[in-house]
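Student: Could you walk me through a structure I have just opened? I would like to take it piece by piece.

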Amino acid sequence: MNYDMTAEQIAIKENFAKFCSKEIEPRAQMLDQASHDDVNRLIKENIKKLADIGYLGMGHEEAYGGTDVELIGQAIAGEEVAKACASTFLSCGASCGLFGVPVRLFGTDEQKKKYLPGIIKGELIGCFGLTEPEAGSDAASIKTNAVKKGDKWVLNGTKTFITNATIADVALVFAYNDREKGPGAGVTCFLVDKGTKGFSASKPFDKMGFHGSPTAELIFEDCEVPGSAVLGKVGAGFIQAMQTLEYGRIGMATVCLGIAAKCLDLANKYSKERKTFGKPINRYQEVSFKLADMMIMSDVARLLIHQAAWAKQTKDPEAAILASVAKVWASEAATQISSMAVQVHGGYGYIREFPVERLYRDAKLGEIGEGTSEIQRILIAKDLIRKYSGK
């Protein structure tokens with residue numbers, strides 16, 4: 001097995017690192033402290049900046065403006081985006097990933113032509129509406145329903161914790177069309193455009209972290225959409241959602257890695273410059289061991305992410321479990337690494353002027369979003385039990 005990056009991957013890393021350090025990172029603190037209205041404006045600008053250099057088109061078909069970059073290359077670019085601004089990574093990922101990927105995988109030619117070019121250019125922003133107030137980890141218990149009336153569908157329900165809800169031009173919405181068939185055959189995914197009667201978004205949530213990526217509820221009150229709004233086949237929505245979340249878990253692991261890597265960079269730099277008792281604090285074992293642990297955990301996260309990405313792009317049947325493993329490790333590593341980075345900075349780490357304070361708050365989402373650590377462990381354990389039982 002060769003762990004060296006290809007020439008193309010090295011170029012991706014260098015180009016995105018250079019661009020993001022200049023165009024995205026200087027705006028990260030501004031996004032974190034901006035008002036909700038300003039966040040909506042600033043994050044749209046960041047999305048468009050990344051669209052202009054091809055980030056949103058990675059992995060999408062050339063026919064719609066994308067570039068044929070494999071998933072490992074996407075993860076390499078994503079790490080650089082997340083290091084610069086985790087909120088920007090999250091909003092971009094919700095649009096070109098959580099929205100764009102299922103449209104690419106399951107959409108009709110007409111749906112792809114309608115949405116993907118705009119998503120890839122950053123002229124349209126998408127969101128992914130699965131989670132509900134009473135259906136987070138238990139996604140099969142969603143209450144949103146869809147009733148067929150003639151050649152149209154009527155949606156009723158509420159989605160919550162939706163990234164990009166207040167800035168989205170279009171939403172993917174999962175709803176039961178036949179509860180008797182259960183989630184496997186009774187849930188359908190719909191494409192709902194902004195401005196559709198009966199479709200609205202709540203005011204943004206005030207969150208612990210990721211302030212620069214707006215999150216809110218999507219509300220459907222007798223929202224009528226045409227039959228052409230069905231993504232793929234009627235009844236296939238839940239399977240589509242689960243397959244999409246495999247990509248989403250690699251994405252969440254990647255943003256956590258970006259946070260961790262940035263924390264290591266900042267802690268390393270600060271500990272070299274900060275002196276106590278006549279020498280830099282990185283010369284003290286108590287600090288140097290933290291730096292060592294931060295490097296170990298972040299390097300393992302990177303390897304696991306690339307392994308999961310490789311499995312996914314080569315259609316390895318182990319891809320789903322490897323994505324869960326990468327997501328658990330990277331998210332929990334990010335919370336530990338960000339905590340250590342704050343500790344290395346001492347009192348300054350607790351001050352908003354220093355980026356590690358923001359990164360510490362951002363990191364926690366990784367253990368919750370795209371399936372909690374507990375859910376990932378359930379999936380991993382079930383897979384282990386199945387394998388060792390021979391069934």
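Tutor: We can go through a strand, a helix, a cavity and a loop residue in turn. Keep in mind throughout that this is a predicted model.

Student: OK, strand β4 to start with: how many of its residues are buried?

Tutor: Seven of the seven residues in β4, which spans residues 170–176, are buried, so the strand is largely enclosed by the rest of the structure.

Student: And which way do the side chains of β4 point?

Tutor: Val170, Leu172, Phe174 and Tyr176 point one way, while Ala171, Val173 and Ala175 point the other way, and all of them are buried. In a regular strand, side chains alternate between the two faces of the sheet.

Student: Which strand runs parallel to β4?

Tutor: That is strand β1, residues 126–129, which is joined to β4 by four bridges, and within this pairing Gly129 stands opposite Val173 of β4. Strand β5, residues 187–193, pairs with β4 in the antiparallel sense over seven bridges, with Leu172 standing opposite Leu191 of β5.

Student: Switching to helices, what about α11, is it mostly covered or mostly open?

Tutor: Helix α11, residues 355–363, is mostly covered, with seven of its nine residues buried. Those buried residues are Val356, Glu357, Arg358, Leu359, Arg361, Asp362 and Ala363.

Student: What covers the buried residues of α11?

Tutor: The covering elements include α2 (28–33), α5 (86–106), α8 (237–273) and α10 (319–345).

Student: How many cavities of 30 Å³ or more are there?

Tutor: The count comes to one cavity of 30 Å³ or more, and the largest cavity holds about 30 Å³ of space.

Student: What lines the largest cavity?

Tutor: Its lining consists of Ala28, Leu31, Asp32, Cys85, Ser87, Gly212, Arg358 and Asp362, which by class makes three nonpolar, two polar and three charged residues. Arg358 and Asp362 are also among the buried residues of α11.

Student: Which helix gives the most to that lining?

Tutor: Helix α2 gives the most, with three residues, although α2 and α11 each supply at least two residues of the lining.

Student: Last topic: where does Thr196 lie?

Tutor: Thr196 lies in the loop between β5 and β6, the latter being residues 199–201. The side chain of Thr196 reaches the backbone oxygen of Asp193 at 2.7 Å.

Student: What does Thr196 touch, not counting residues up to four places away in sequence?

Tutor: On that basis, Thr196 touches Cys223, Glu224 and Val225.

Notes. Residues numbered from 1 in each chain as written. Predicted model: local features only at pLDDT ≥ 70, side-chain atom pairs only at ≥ 80, totals over all residues. Heavy atoms only, no water. Buried < 20%, exposed > 50% of the residue type's maximum accessible area, 1.4 Å probe, protein only. Contact = heavy atoms within 4.5 Å. Pairing = 2+ DSSP bridges. 1 Å grid on protein atoms, 1.4 Å probe; cavity = no way out; pocket = protein on both sides within 12 Å on 5 of 7 lines; lining within 4 Å. Points joined across faces, edges and corners; volume = space filled by probe spheres on them. Nonpolar A, V, L, I, M, F, W, Y, C, P; charged D, E, K, R; others polar. Polar contact = N/O pair within 3.5 Å; in protein donor to acceptor, adjacent residues only side chain to side chain.
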